[in-house]
Amino acid sequence: MSQKPKKLIDNKGIRTDGRKLDELKPIKIQVDVLANADGSAYVEQGKTKVLAAVYGPHEAHPRHLAQPDRAVFRCRYHMAPFSVEERKRPAPSRREIELSKVIRQAIDPSVFLEYYPRTLIDLFMEVLQADGGTRCTSITAASLALADAGVPMRDMVAACAAGKVEEHLVLDLNDTEDKEGTADVPIAFMPNMNAVTLLQMDGMLTIEEFEQVVNLAIGGCKKIHALQKEALKAKYVTVKEEEEEG
Ligand code: ADP
């Protein structure tokens, strides 16, 4: 007897991980988590866990990489071998090379690169555990790490995907929804500038659905941006307390 496939969204609009259609995965953020990086951040978005670290701005080596009028921004997005169910080969895959470039383009407009000519800024993102949306969580963590490093920025970039699963438009897809759903639209957004810095789309949507999905994702980015700001402020409260104690 053939079994009916399990539904990803039940009759009440509840998803497999218990979330409502427009609900983000639970988010935990911590900045300044690594002693040896100039800036760092750790973000958990549901089961997706990403660590980001910034080195720089530092002198450009090799020298020929330097630009006379701006800092050169380099990004590496990497998935740890243990981040997915089956061990991932540690060498960078084509997907990781592409995502490194896409993430660099999403963060680049937020940074005043012209303040640091002839230097390099290196950004490393390590996905420790993947459950969908790793490019978005990496962007959110990377922008926090840059802020933690004190790099001057126009705004922090927050990122979040929305998409379509079983005829429903949903926010912040998990891995199963990403793989079995109809469409996934990751977006990176700078709320203070009202500017989208990344917009990709995988799957099929009508124009009306696309507009709704973009608005849903931007709403998610705004909520994440508020959490980014809270996490940065929390760091300075801790620093102040430590100073008062010591
Ligand atoms: P994103 O993580 O930004 O959604 P993709 O759409 O490429 O990027 O990937 C969707 C999800 O598929 C990832 O978040 C992860 O959970 C899973 N995934 C990606 N690469 C692998 C891999 N090499 N092995 C197993 N799962 C993977």
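Helices, taken as DSSP runs of H or I with at least four residues, and strands, taken as runs of E with at least two, are numbered from the N terminus. By this assignment, the protein chain of the predicted model contains four helices and 10 strands. Their order from the N terminus is β-β-β-β-α-β-α-β-β-α-β-β-β-α. The radius of gyration is 19 Å, close to the 18 Å given by the globule rule for 246 residues, so the chain is as compact as a globular protein of that length. The C-alpha trace spans about 65 × 45 × 40 Å along its principal axes, and 46% of the 246 residues are buried. Of the contacts between residues at least 6 apart in sequence, 67% join residues at least 24 apart.

The chain carries 33 positive and 38 negative charges, whose mean positions lie 3 Å apart. In total, 16 salt bridges are present in the structure. A network of them links Arg15, Asp17, Arg19, Lys25, Asp172 and Glu177. Arginine 19 is buried, at 3% relative accessible area, as is aspartate 172, at 4%; aspartate 17 is partly exposed, at 38%.

A further salt bridge joins lysine 235 and aspartate 148 at 2.5 Å from N to O. Lysine 235 belongs to helix α4 (residues 207–245) and aspartate 148 to helix α2 (residues 134–148), so this pair ties together parts 87 residues apart in sequence. Both residues, lysine 235 and aspartate 148, are buried.

Terms used. Residues numbered from 1 in each chain as written. Predicted model: local features only at pLDDT ≥ 70, side-chain atom pairs only at ≥ 80, totals over all residues. Heavy atoms only, no water. Rg over C-alpha atoms; globule rule 2.2 N^0.38 Å. Buried < 20%, exposed > 50% of the residue type's maximum accessible area, 1.4 Å probe, protein only. Contact = heavy atoms within 4.5 Å. Lys, Arg positive; Asp, Glu negative; His and termini not counted. Charge placed at Lys NZ, Arg CZ, Asp CG, Glu CD. Salt bridge = Lys/Arg side-chain N within 4 Å of Asp/Glu carboxyl O.
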